[in-house]
Amino acid sequence: MRPADDIERAVGEHGDTVWRVCVLSLRHEDDAQDAFQDTFMKYALADGADFHDEEHRKAWLIRVATNTCRDALRRASRRLRADAGSPLEDLLVSHDPQAQPGSAVHEVMDALRSLDDPPRTPLYLSVYEGYTAPEIAEMVDAPVNTVYSWIARGRQRLREVLS
């Protein structure tokens with residue numbers, strides 16, 4: 001297990017980024033908190049992982065957070081299929097402005113969440129985190145030109161959804 005000061009430093013330096021990834025991927029704050037905690041638990045237990053620098057540590061945390069959120073969404077999807085037509089399903093896909101105050105922000109977030117992954121994660125990393133396509137390609141272990149395609153495709157789909 002990693003030393004407590006190492007974990008605290010990672011949370012302090014990269015906690016905001018991991019939180020944004022979790023909130024972007026998951027609709028509810030409670031689910032995002034669970035994914036955030038799971039991500040840093042995995043970091044704490046990954047004492048064998050060596051990081052070249054802080055960017056490598058950040059990229060690792062983003063990838064783990066993305067995978068954790070994806071797993072949570074898969075589990076929720078299985079439950080929803082079993083409970084199709086339940087009031088919970090209506091709550092999860094509500095577009096009622098009363099249920100979602102500040103609907104313009106929620107509309108953009110919903111549009112981003114509606115994208116498949118990829119291109120959701122590469123687009124997020126590019127637009128919100130400021131990573132370049134070569135950096136994203138290294139993080140997600142994909143060719144650079146593929147990352148450029150994902151980003152372009154994601155922007156196009158966002159335009160279509162928001163227009």
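At what angle do the axes of helix α7 and helix α8 cross? The views below come from a predicted model.

**View 1. Helix α7 against helix α8.** The axes of α7 (residues 133-140) and α8 (residues 144-162) cross at roughly 105 degrees. They come within 8 Å. Angles of 65 to 115 degrees count as roughly perpendicular, so α7 is roughly perpendicular to α8. From α7, the contact takes A133, P134, I136, A137 and V140. From α8, V144, V147, Y148, W150 and I151 take part. By class, this contact has ten nonpolar residues, no polar and no charged.

**View 2. Helix α1 against helix α2.** Here α1 spans residues 4-25 and α2 spans residues 29-45. Their axes come within 10 Å and cross at roughly 145 degrees. The crossing of α1 past α2 is right-handed. On the α1 side, the contact residues are D6, I7, A10, V11, H14, G15, V18, W19, C22 and V23. On the α2 side, they are E29, A32, Q33, A35, F36, T39, F40, Y43 and A44. The contact of α1 with α2 divides into 13 nonpolar, four polar and two charged residues.

**View 3. The largest cavity.** One cavity of 30 Å³ or more turns up in a search of the whole structure. The largest cavity holds about 40 Å³ of space. Its lining consists of V21, L24, S25, T66, R120, T121 and Y124. Helices α1 and α6 (120-127) are the elements that each give two or more residues to this lining. Three lining residues are nonpolar, three are polar and one is charged.

Note on methods. Residues are numbered from 1 along each chain as its sequence is written. This is a predicted model: local features need pLDDT of at least 70, side-chain atom pairs count only at pLDDT 80 or more; totals for chains, interfaces and linings use all residues. Side-chain values use heavy atoms; hydrogens and water are left out. Axes are lines fitted to C-alpha atoms, for helices over the stretch in contact, and angles run from 0 to 180 degrees between N-to-C directions. Helices (H or I, at least four residues) and strands (E, at least two) are DSSP runs, numbered from the N terminus. A crossing is left-handed if the near helix is turned anticlockwise from the far one by less than a right angle, and right-handed if clockwise. Contact means heavy atoms within 4.5 Å. Ala, Val, Leu, Ile, Met, Phe, Trp, Tyr, Cys and Pro count as nonpolar, Asp, Glu, Lys and Arg as charged, and the others, Gly among them, as polar. On a 1 Å grid over the protein atoms alone, a cavity is a set of points where a 1.4 Å probe fits but cannot get out, and a pocket is an open set with protein on both sides within 12 Å along at least five of seven lines; lining residues have an atom within 4 Å of a point. Grid points are joined across faces, edges and corners, and a volume is the space filled by probe spheres set on the points. Angles under 35 degrees count as roughly parallel, over 145 as roughly antiparallel, 65 to 115 as roughly perpendicular and the rest as oblique.
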